[in-house]
Amino acid sequence: MPEQPMLIIDGHLDLAFNALHHRRDLTQDVHVLREREDPKPPGPSHPDSLRDRKRPESTSRGTATVSLPQMRQGCVGIALSTIMCRVQIPTGLLDDGMRTQEAAHAMGQSHLYYYKALERESQLRFIRDTNDLDETIAAWQNPDSTTPIGLILSMESADPILDPEQVNWWWEQGLRSVGLTHFGANTWGHGTGTRGGLYADAYPLLDALAATNIALDLTHASDLVFWQLLDYWSGPIHASHCNCRALVPGQRHLSDEMIQAIAERGGVIGAVFAEFMLNPEINFDDPATYPQTARRSMSAVVDHIDHICQLVGNCDHVAIGSDLDGGFGREMAPIDYDTIADLQRFLDILERRGYSTDDIAAIAHGNLARFFRQAWEQ
């Protein structure tokens with residue numbers, strides 16, 4: 001590998017969700033975030049003082065590993081980062097959904113305006129077209145500590161889109177990738193953990209999306225929805241953060257047939273860095289199999305990349321879609337990972353596993369850059 005860090009495009013991060021749901025200032029160093037979130041011992045003040053009370057913690061937060069300084073340190077110069085709010089009744093495992101689509105829309109607006117605030121501070125730069133993409137890639141060939149991180153705006157669950165008439169407004173705001181479903185059955189159809197298809201209202205939404213150059217993200221689709229989308233949609237498709245069902249059981253992952261279908265349509269699959277998605281002893285459909293801490297290393301991510309490359313016959317359809325800090329923290333990330341800067345060390349693991357420099361560059365950034373160039377030039 002060259003001494004200069006290689007540009008990484010992360011195909012899936014939940015930056016706004018982390019900032020707003022977990023109340024993290026992502027402009028700060030990860031280690032500052034960790035210090036802020038560590039429980040503090042009781043002080044000598046009055047027993048009913050605020051600092052003496054036990055602070056409630058989010059059930060899904062975990063130890064922080066992602067912030068903008070660490071992204072810059074690891075040359076993660078571009079990310080597909082989400083507007084992420086679904087309609088779902090809270091459960092013991094998932095407490096971050098909304099009960100109505102109107103509330104999901106409002107939360108989606110807050111995510112959008114968080115990114116706009118970071119853009120105003122030159123922390124981020126929206127990437128809306130090929131010119132923006134090429135200029136951002138060029139800036140990251142010789143970055144410094146103030147180089148803005150490129151943002152390709154994505155939406156994980158289309159619940160924040162109130163109706164097809166609103167699609168063009170979202171496009172104008174910079175939205176460039178949409179997944180219709182998430183966990184459970186939402187506004188437009190069935191997602192992870194359910195059996196069922198698209199609802200009738202989903203098809204006018206798809207027609208409105210197709211009138212733009214928005215890419216359709218097949219992540220979190222139920223099996224039936226996955227195939228319904230492929231049958232109806234003729235535009236660009238990808239799976240921003242999915243692993244292989246052949247290696248780890250569960251409907252959340254892609255079957256070999258799904259992987260081949262995505263590759264045949266020119267799509268790209270982002271490999272996920274979560275224990276739930278890497279450990280073959282875990283069935284994603286059965287929470288009883290979930291461990292308390294991670295046991296797999298980043299090499300397990302390469303196993304999934306290997307499987308996809310061997311299945312389709314090349315390295316053209318795989319990327320990084322880390323999902324780091326996406327409902328989990330360092331405790332459920334690979335055991336040899338500490339912060340997102342360690343994605344550079346992941347590239348070294350690819351090299352040790354026999355990938356050429358060209359193949360590593362394709363996985364790190366080239367495949368996703370090509371995918372969006374092609375989508376936007378249609």
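Which helix is His 105 found in? His 105 belongs to helix α4, residues 101–120.

## Basis of the model

This is a predicted model, in which local features need pLDDT of at least 70 and side-chain atom pairs count only at pLDDT 80 or more, while totals for chains, interfaces and linings use all residues. Residues are numbered from 1 along each chain as its sequence is written, and side-chain values use heavy atoms, with hydrogens and water left out.

## Overall fold

The protein has 13 helices and nine strands; these are DSSP runs numbered from the N terminus, with helices being H or I of at least four residues and strands being E of at least two. The radius of gyration is 20 Å, close to the 21 Å given by the globule rule for 378 residues, so the protein is as compact as a globular protein of that length. The radius is taken over C-alpha atoms, and the rule is 2.2 Å times the number of residues to the power 0.38. Along the principal axes, the C-alpha atoms fill a box of roughly 65 × 50 × 45 Å.

Contact means heavy atoms within 4.5 Å. Among contacts between residues at least 6 apart in sequence, 73% join residues at least 24 apart.

## Surface and charge

Of the 378 residues, 57% count as buried (buried is under 20% relative accessible area, exposed over 50%, partly exposed in between, with a 1.4 Å probe and protein chains only). The accessible surface comes to about 15400 Å², and carbon and sulfur atoms hold 50% of that area. Areas come from the Shrake-Rupley method with a 1.4 Å probe; for residues, only the protein chains shown count as cover.

The protein carries 30 positive and 52 negative charges, whose mean positions are 7 Å apart. Lys and Arg count as positive, Asp and Glu as negative, and His and the chain ends are not counted. Each charge is placed at NZ of Lys, CZ of Arg, CG of Asp or CD of Glu.

## Salt bridges

The structure holds 14 salt bridges, a salt bridge being a side-chain nitrogen of Lys or Arg within 4 Å of a carboxyl oxygen of Asp or Glu. One of them joins Asp 325 and Arg 24, at 3.9 Å from N to O. This pair links distant parts of the chain, 301 residues apart: Asp 325 is in the loop between β9 (318–320) and α12 (343–352), and Arg 24 is in the loop between α1 (15–21) and α2 (30–37). Asp 325 is buried at 2% relative accessible area, and Arg 24 is buried at 3%. Arg 24 and Asp 325 are also linked with Glu 37 and Arg 61 in a network of salt bridges.

Arg 125 and Asp 132 form another salt bridge, with the closest N and O atoms 3.3 Å apart. Arg 125 is partly exposed at 25%, whereas Asp 132 is buried at 16%. Asp 342 and Arg 345 also meet in a salt bridge, at 3.3 Å from N to O. Here Asp 342 counts as buried at 15% and Arg 345 as partly exposed at 36%.

## Two buried residues

His 105 is buried, with a relative accessible area of 15%. Not counting residues up to four places away in sequence, His 105 touches Pro 160, Leu 162, Gln 166 and Trp 170.

Ile 127 is in the loop between β3 (124–126) and α5 (130–139), and counts as buried at 0% relative accessibility. Leaving aside neighbours within four places in sequence, the contacts of Ile 127 include Ile 78, Asp 132, Gly 150, Arg 176 and Trp 376. Ile 127 and Leu 153 lie 26 residues apart in sequence and 7.8 Å apart in space, C-alpha to C-alpha.
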